[in-house]
Amino acid sequence: GAAMTWGVAGGLPAPWGAPPPPLELPLVLAQQRPVEDGANLFIRKLSRRADKLFLYELYAPFGAITSIRVEVNLRTGAPKGYAFVQFVRAADAQAAIAATHNLLVGEKRLDVSLYRPRSGKDEPP
């Protein structure tokens, strides 16, 4: 049969028989698409075991994602417990917040909000 591809087409989750994406996330991120303001999630109280793949699988059903960044301690490589997920559409980000804020993951409840730059700084890279 035809090879199944893992991806998000129009915000739908991948087919069940699809292999997981490679962990090195060139995945199906919609990098060529301009992103709307108010579409960058700031996720705190993240389990130390939660990685990019976990976040991708949690948030991909809500819509196209252009980047996922899990903050780590540069010296030790240990996760800091927070991450950023950049959606293309602000409405998708809002739906993701509504569905996953206070979601119990492991021993912690996620704290999910829109990322707001503190000063005149740009969005995280």
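Colleague: Is phenylalanine 42 buried or exposed?

Modeller: Buried means under 20% relative accessible area, exposed means over 50%, and partly exposed lies in between (1.4 Å probe, protein chains only). Phenylalanine 42 has 17% relative accessibility, so it counts as buried. This is a predicted model: local features need pLDDT of at least 70, side-chain atom pairs count only at pLDDT 80 or more, and totals for chains, interfaces and linings use all residues. Residues are numbered from 1 along each chain as its sequence is written, and side-chain values use heavy atoms, leaving out hydrogens and water.

Colleague: How do I read an aromatic pair?

Modeller: A pair of aromatic rings is described by the distance of the centres and the angle of the planes. Rings of Phe, Tyr and Trp (its six-membered ring) pair if their centres lie within 6.5 Å; planes under 30 degrees apart count as stacked, over 60 as edge-to-face and the rest as tilted. A search of the whole structure finds seven such pairs. In one of them, the rings of phenylalanine 42 and tyrosine 115 have centres 6.3 Å apart and planes at 80°, so the pair is edge-to-face. Phenylalanine 42 sits in strand β1 and tyrosine 115 in the segment after β6, 73 residues apart. Helices (H or I, at least four residues) and strands (E, at least two) are DSSP runs, numbered from the N terminus.

Colleague: Which residues do ring pairs link into a cluster with Phe42?

Modeller: The cluster holds Phe42, Tyr82, Phe84 and Tyr115.

Colleague: What about tyrosine 59 and phenylalanine 87?

Modeller: They form an edge-to-face pair, 6.3 Å centre to centre with 85° between the planes. Tyrosine 59 is in helix α1 and phenylalanine 87 in strand β3, 28 residues apart. Both residues are buried.

Colleague: How do the strands pair?

Modeller: Two strands pair if DSSP finds at least two bridges between them. β1 and β3 are antiparallel over four bridges. Six bridges join β2 to β3, also antiparallel. There, isoleucine 65 stands opposite phenylalanine 87.

Colleague: How many salt bridges does a search find?

Modeller: A salt bridge is a side-chain nitrogen of Lys or Arg within 4 Å of a carboxyl oxygen of Asp or Glu. The search finds three. In one, arginine 44 meets aspartate 111, with the closest N and O atoms 3.1 Å apart. Arginine 44 lies in β1 and aspartate 111 in β6, so the pair ties together parts 67 residues apart in sequence. Arginine 44 is partly exposed at 34%, whereas aspartate 111 is buried at 17%.

Colleague: And the others?

Modeller: Arginine 69 and glutamate 71 meet at 2.5 Å, N to O. Arginine 89 and aspartate 92 meet at 2.8 Å.
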